Amino acid sequence: MSATGAADPGASAAPPGPVNPGGAKRRLTSSLLVLVPLALAILFPLVESGNQGNMSIAVFALIFMASVSAWNIFSGYSGYLALGHAVFFGTGAYTIALIGTDWHVPAGWALMALVPVCGVVAGLVAIPVGMVALRTRRHTFVVVTIGVFFIFQTLATNLAFTGGTSGVQVPFVSWSFSVFNQRFYYVALVIVVATVALSWAVRRSRFGLQLMAIRDDEERARGMGVRTARVKLAAFVLSAIPVGMAGGLWAYFLGSVYPTSAFDPLFDIALALMGFFGGIGTISGPLIGALLLESLQQYFTQKFSANGLYLIVYGSLFLVVILLMPRGIVPSGAQWLRSWRAQRAEGSSNPTAGAGVAEVTR
Amino acid sequence: MSAAALIEVEGVSKAYGGLQALSGCDLSVPAGSISGLIGPNGSGKTTLFNIITGYERANAGEVRFDGRPITNSTPDRVFGLGIGRTFQLTRIFARLTVLENVLVATQRSEGWLRGLLRLAGSASERGRALELLDFVGLRRLADEQAGTLSYGQRKLLELASLLVADPAVLLLDEPAGGVNPTLIKQLAERIRELNEAGKTFLVVEHNMEFVMSLCHYVTVLSQGTTLVSDRPEVVRSDPGVLDAYLGGEGVEDSDAGEQAEPPLAAAQTSPERVRVGADRDRSEPPLAPRPAQLTIEGVVAGYGGGDILRQVSFEVPEGGITCIVGPNGAGKSTLLATIVGLLRPRLGEVRFEGERLNGLSPGEIVGKGISMVPQAHSLFPQMTVQENVELGAFTIRDRALVAERLTAVIELFPIVRERAREKAGSLSGGQQRLVEFARCLMLDPKLIILDEPSMGLDPQTRGAVFETVAVMNRLGRTILLVEQNARAGLKLSTQGIVLETGTVRLVGTGREVLEHPEIAALYLGGSVDDSRTR
């Protein structure tokens, strides 16, 4: 279990760690940590059904929660910073738009049924992209993923079937306003839950252990029989699928797709920022990061329109978190909690405690 | 060699640019044996390991495992065949727990999909992993993050994490390097037990006593070729080996064996050693008492997970050599980190020339005239030797002064000029040490702190390094060193300090500490084995 174990709902159920007397209590705590947010998420539209502005924010937040969580399955666990996942987001978006218009799929649930197809197409695209990009490591890998991203953006602008800069219109769905947001909300929630379940499954699997071994020391992992190339590629493809689905849903939600909005460099950066903000390599971190930052951004956009004022607040919040919690909210928070507990435990046994905490200043 | 060879290396060559690391090297590891691979620094031992295990490609030659060629395979395939290896600089998965580290290798080449569907560590695998942790004495740390382990513990973890896959052969790269004698003894016992259970070993090691007493066969590499390969007693008495390996100066042989020798008997029993002892005695006579330059007073410190140093107090006299010895995990590195300001003590005080250092940044402390050479590999490998040395003085604006210092440093370390334009990473371990010393002298420090200066060096180089330490001291610098090779370190020193579990157990002159009856029990343990004399 990583340093984040304590605050991670999935981690406490992971196998390592002997059965301790507090196990039942911990299991209860961790199931509450999963069930309460889930229940809140399910109930949210019932409370907010009258407020379409907030519902729309929530849909965007869920789309990003799924995307960051999926990105984390690869980048968080393997330590490879991918800055090109907009490729899969855009692929998903174009998939639903093009199939929807070209094959005249009726708008409504039929079109919604294409969302998983978006994931599959994104996964297929991820195979060659991963095979090329994963030949490199570290900084080179980051640069290659960015490069691949721009290739895709250029392709979307110039290929014959993508509609060029005028984009593609997704078939219009004639759901009433209130039903519209609610339905998209629940579909997005299903994608989020599925992605988190995948993330959790990866984390406690052998496959996940191999990924994290690669993160810590790839050369040695190879020397211990881990087929690193396959494991990395598999994780890369797995992480592309939910991003593709999120992209498809996003395009359907907005109603139109353009090269610059579907293949958006800011999306690449947003995933990484939200991931780091919440804490990469954890299950809950990406969810918290995406929920906070995307909601905030959408809220500010609604409130102050596009005058950019929100960026100041957004930036300040970011700085504060990075200063106080350099490893992200979840890992740093867990560390605070642990040292607080340790100090409390020590305080009762060791009279010299409390004189100040030894501090590493490097 | 009667048994069939499990690993055979035939005529393997490897060049890095212009540097010929291996040229036509042969090696044979009989099944069921413990084989040793020795040779001076830079003779190609690690390169050979890398080629056998698929980390590097040979330019020529063949490697066979159990009769089948495995030349230029990949590390994961080689491991799948049953060849496990450890690394010279111990490598573990720092952010996984100790138990998870062991679980990584439980799978043997299964597809990722099966891996995804299976939990990391079934009950039986976890049981096996815990058994192995028990075997190496780390079970109680199973749920700790591996990054928190001490150096010696990491070595043991590395071994356990290989054993879980049940490899037929284990290649150990300096298993005893930087490990205290008691632990070395344990390690030797473990290796013997495993060998009796059928495992074959190939061991690279500088600790001669360790190799000679443990191994059934020893192969000597010199400048990339196999010099001799035979039983240890034959290798030991081969004059060619002595010449090649020890540079013709047999006296230095003592250093290798010393940490493993029965502590007090070493200098007296064997006639060979008497000569050695006498030779060593020419090093500094104890200096007259001098005022304390560095004072450590009641220091309590740790990394948040409990105190590692508990009330440490001692003084470092000006102009002397002070050597801190103690078992792995005693807090030696933590103490040095506290002195140079990388770690803030929770309680207590560090004073340098009467001035309080607590709370100063590492940079400010360097500015006071304290310079530290860390445990290993602190050079920037992609920069040239000269750039590395010049970096030592980057805080000095006065270019004339830097040039002047550089000239003085080159005089002391000719290698800085000879290899000036080569990348520091291309130097051998011993050469890198000297460049590190040179770099630290660029700031003209009053106090030089050395963390394990002899680690990973062959006896000849080690002798040269200790000699250099003495020279730097004669030039007026106070030296504070932490040394795993306690005997050599203490002999060199005017003051010896024994640290154990975060407290100072003994303080005295180097000789007093060395000859103190308690130190044998406290620190040096017994001899690696008495079987050498069987």
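Me: What does the secondary structure of chain A come to?
Reply: Chain A has 14 helices and 3 strands, where helices (H or I, at least four residues) and strands (E, at least two) are DSSP runs numbered from the N terminus. This is a predicted model, in which local features need pLDDT of at least 70 and side-chain atom pairs count only at pLDDT 80 or more, while totals for chains, interfaces and linings use all residues. Residues are numbered from 1 along each chain as its sequence is written, and chains are lettered from A and ligands numbered from 1 in the order in which they are written.

Me: ok, and what share of chain A is buried?
Reply: Of the 362 residues in chain A, 49% are buried, and a residue counts as buried if 20 or more other C-beta atoms lie within 10 Å of its own, as exposed if 12 or fewer do, and as partly exposed in between, with C-beta atoms placed from the backbone.

Me: Which residues touch the most other members in the largest nonpolar core?
Reply: They are A:Leu62, A:Ala188, A:Leu249 and B:Ala160, in a core of 176 residues; such a core is a set of buried Ala, Val, Leu, Ile, Met, Phe, Trp, Tyr and Cys residues joined through C-beta atoms within 7 Å. Apart from that core lies another of 64 residues, among them B:Val312 and B:Leu450.

Me: Switching to chain B, what's the strand order in the open sheet?
Reply: The order is 12-11-15-16, with antiparallel pairing, and two strands pair if DSSP finds at least two bridges between them. Strand 12 (309-317) and strand 16 (355-356) of chain B each have a single partner strand, so one side of each is left without a neighbour in the sheet.

Me: How many bridges join strand 11 to strand 15 there?
Reply: There are 5 bridges between strand 11 (residues 292-301) and strand 15 (residues 347-352) of chain B, and B:Thr295 has B:Arg351 in strand 15 of chain B as its bridge partner. Helix 13 (residues 332-339) of chain B packs on the sheet, touching strand 11, strand 12 and strand 15 of chain B, where contact means C-beta atoms, placed from the backbone, within 7 Å.

Me: Where in chain B does pLDDT stay under 50?
Reply: One such stretch is residues 246-287 of chain B, and residues 523-534 of chain B are another; pLDDT is the predictor's confidence in each residue, from 0 to 100. Chain B averages a pLDDT of 79.

Me: And what about the complex, which ipTM and pTM does the predictor give?
Reply: The predictor gives the complex an ipTM of 0.77 and a pTM of 0.71.

Conventions:
Two residues are in contact if their C-beta atoms, placed from the backbone, lie within 7 Å. Axes are lines fitted to C-alpha atoms, for helices over the stretch in contact, and angles run from 0 to 180 degrees between N-to-C directions.
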